[in-house]
Amino acid sequence: MQKKILFTLAIGTAISVSTIYLSQPLLAILREQFQSSVSDIGLIITLTQIGYALGIFTLVPLGDIINKKKLIQIKLLLLISTLLLAGFSQSLLMFFFASMTIGLFATSAQDFVPLAADLAKEQERGKTIGFVMSGLLLGILLSRTFSGFLAEHVSWQSVFFITAFLISIIFIFVTILIPYQIPHSNLKYFQLIHSMSKIFLKNSILPLSVVSHGLIGVIFSSFWTVLTFYLSEPPFNLNSSHIGLFGLAGAAGAIAAPIAGRYADKIGPLLNIKIAILLIFFSFLLLFIFQHSIVVLIIGVVTFDLGVQVSLISHQSIIYSLDTKARSRINSIFVTILFLFFSLGSFLGSILFHHFGWKGELILSLLCCVLSFGIHLILSEKYKKFKLN
């Protein structure tokens with residue numbers, strides 16, 4: 001694959017996914033702007049997440065029955081429109097609608113990934129997916145920094161206007177560089193959605209992969225949910241700007257995603273996943289032993305996030321090999337259920353931190369590693385048989 005196409009896919013993924021996190025640093029500003037309560041403003045994030053979940057389940061599978069390039073172009077244009085709507089919002093209700101539709105069309109990020117798998121050579125698929133997924137994680141981790149900086153130095157509206165401009169540039173590059181792909185299926189839309197349950201149940205490798213990495217997703221979500229509370233309390237007592245720098249430490253793991261994909265091609269995804277789970281386990285074991293060391297915490301964040309990326313890329317390398325004609329539907333299933341594991345992680349992390357403090361989070365993470373490793377051992381046997389056939 002040409003480097004300019006690969007970079008377009010990665011940057012397109014990064015900017016698209018970043019749009020669902022733009023409002024998070026702006027909540028205090030938006031509360032004052034619209035003169036609303038904390039609970040009302042909090043619905044902005046909820047509606048964006050609901051829109052994203054709906055988009056993953058209802059729109060991403062379309063990539064199997066219509067041209068992926070055309071699907072991405074349409075969704076990018078609609079995403080630009082909804083970003084402009086958010087920037088021009090004069091009421092909270094209008095902003096609510098814009099937030100939900102931003103989430104809906106931000107799922108263009110999930111269209112770039114199966115497209116990358118389609119365009120990649122078989123022997124380079126893991127490396128290609130890893131590079132594109134590094135864009136996805138960087139978009140997630142750095143979007144809050146980008147949004148907060150613009151809001152502080154320009155205005156909250158500029159966040160949405162400038163992002164819409166960036167999406168417009170991505171649209172141009174997609175139009176010029178990305179080749180058209182022939183749809184893999186002749187199914188009608190409702191047949192397509194119904195077929196997803198058959199795909200999920202037909203081969204145990206997909207549900208096992210979802211649960212194996214989903215448990216890692218519980219760790220990821222719970223960790224980042226409670227980290228702010230942990231760092232704002234003694235003995236650290238860090239302010240919000242210092243806490244935000246931990247996102248940069250997490251981004252260091254994202255940079256390693258292409259390396260993870262390359263090793264998935266060379267040594268196989270199964271060994272990669274074992275290494276990833278062990279890396280995450282020992283990261284949290286280290287955090288458990290040295291609970292009050294800021295240096296160990298930073299090291300733990302970097303190594304833990306690296307493990308998460310290795311696990312994600314390797315699991316995706318497995319599931320994309322199951323059915324070349326259903327990669328968009330497979331991706332939709334994987335990300336939708338992973339999103340549910342993220343939600344579970346946020347919930348469990350908050351509950352355990354409230355009752356047991358930081359130790360509760362660490363024990364949850366270690367336990368999820370053990371469970372994920374157990375599921376992975378079953379997955380390994382199933383996948384080996386699949387490759388032999």
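Phe95 is buried, with a relative accessible area of 0%; buried means under 20%, exposed over 50%, and partly exposed in between, with a 1.4 Å probe and protein chains only. The model is predicted: local features need pLDDT of at least 70 and side-chain atom pairs pLDDT 80 or more, while totals for chains, interfaces and linings use all residues. Residues are numbered from 1 along each chain as its sequence is written, and side-chain values use heavy atoms, without hydrogens and water.

The whole structure holds 16 aromatic pairs. Rings of Phe, Tyr and Trp (its six-membered ring) pair if their centres lie within 6.5 Å; planes under 30 degrees apart are stacked, over 60 edge-to-face, and the rest tilted. The centres of Phe95 and Trp156 are 5.9 Å apart and the planes stand at 70 degrees, so this pair is edge-to-face. Because Phe95 belongs to helix α5 (residues 92-105) and Trp156 to helix α8 (residues 156-177), the pair ties together parts 61 residues apart in sequence. Helices are DSSP runs (H or I, at least four residues), numbered from the N terminus.

Trp156 is buried as well, at 5% relative accessible area. Its ring also pairs with that of Phe160: with centres 6.2 Å apart and planes at 80 degrees, the pair is edge-to-face. Phe160 is buried at 1% relative accessibility.

Elsewhere, one aromatic cluster is formed by Phe220, Phe223, Tyr230, Phe236, Phe284, Phe304 and Trp358.

Leu286, in helix α14, is partly exposed at 32% relative accessibility.

Note on methods: Helices (H or I, at least four residues) and strands (E, at least two) are DSSP runs, numbered from the N terminus.
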